[in-house]
Amino acid sequence: MTIVELVIAAGIMAVLLLASAGAMGESVDSTKLSRNLTQGALFLESVQEDLTAVASSDLLSMNGQQIFATEPRADAKYRVDITTFMASIDLVQIRLALIDQSTGRRVATVNSLRAIG
């Protein structure tokens with residue numbers, strides 16, 4: 001009877017250990033995803049700050065440009081697509097879209113307005 005109890009206890013322990021190992025793996029994946037998203041958000045913020053140095057009259061010429069997080073472009077995890085257009089008289093709208101290069105998905109979008117003149 002004692003050996004049967006030990007085998008049952010060992011089986012229960014094995015199931016519990018496998019469940020906790022699976023939870024640890026999911027935790028590691030979640031941490032990696034969070035770290036990547038934080039890096040992407042910081043990259044998007046730095047692009048937005050760099051655009052503040054661009055003269056208002058030059059913003060429309062930036063429409064359609066892409067800025068990559070690293071060089072070479074093929075190795076970049078993220079890119080920012082820039083869209084600029086006249087929202088009204090003397091007002092330019094700037095749309096920055098953070099794109100995950102591996103999936104092609106839009107992760108975040110930032111819109112801002114800048115007066116010209």
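Asp81 is buried, with a relative accessible area of 19%, where buried means under 20% relative accessible area, exposed over 50% and partly exposed in between, for a 1.4 Å probe and protein chains only. The structure is a predicted model, in which local features need pLDDT of at least 70 and side-chain atom pairs count only at pLDDT 80 or more, while totals for chains, interfaces and linings use all residues. Residues are numbered from 1 along each chain as its sequence is written, and side-chain values use heavy atoms, with hydrogens and water left out.

Asp81 forms a salt bridge with Arg79, their closest N and O atoms lying 2.8 Å apart; the term stands for a side-chain nitrogen of Lys or Arg within 4 Å of a carboxyl oxygen of Asp or Glu. Arg79 also counts as buried, at 18% relative accessibility.

Across the whole structure, the search finds 2 salt bridges. In the other pair, Lys77 meets Asp100, with 3.4 Å between the closest N and O atoms. Lys77 lies in the loop between strand S1 (66-68) and strand S2 (78-88), whereas Asp100 belongs to strand S3 (residues 91-100), so the pair ties together parts that are 23 residues apart in sequence. Helices (H or I, at least four residues) and strands (E, at least two) are DSSP runs, numbered from the N terminus. Lys77 is partly exposed at 32% relative accessibility, while Asp100 is buried at 11%.

As for confidence, the protein chain has a mean pLDDT (the predictor's confidence in each residue, from 0 to 100) of 88, and 99% of its residues reach 70 or more. Confidence is highest in S3, at a mean of 93, and lowest in helix H1 (residues 2-51), at 87.
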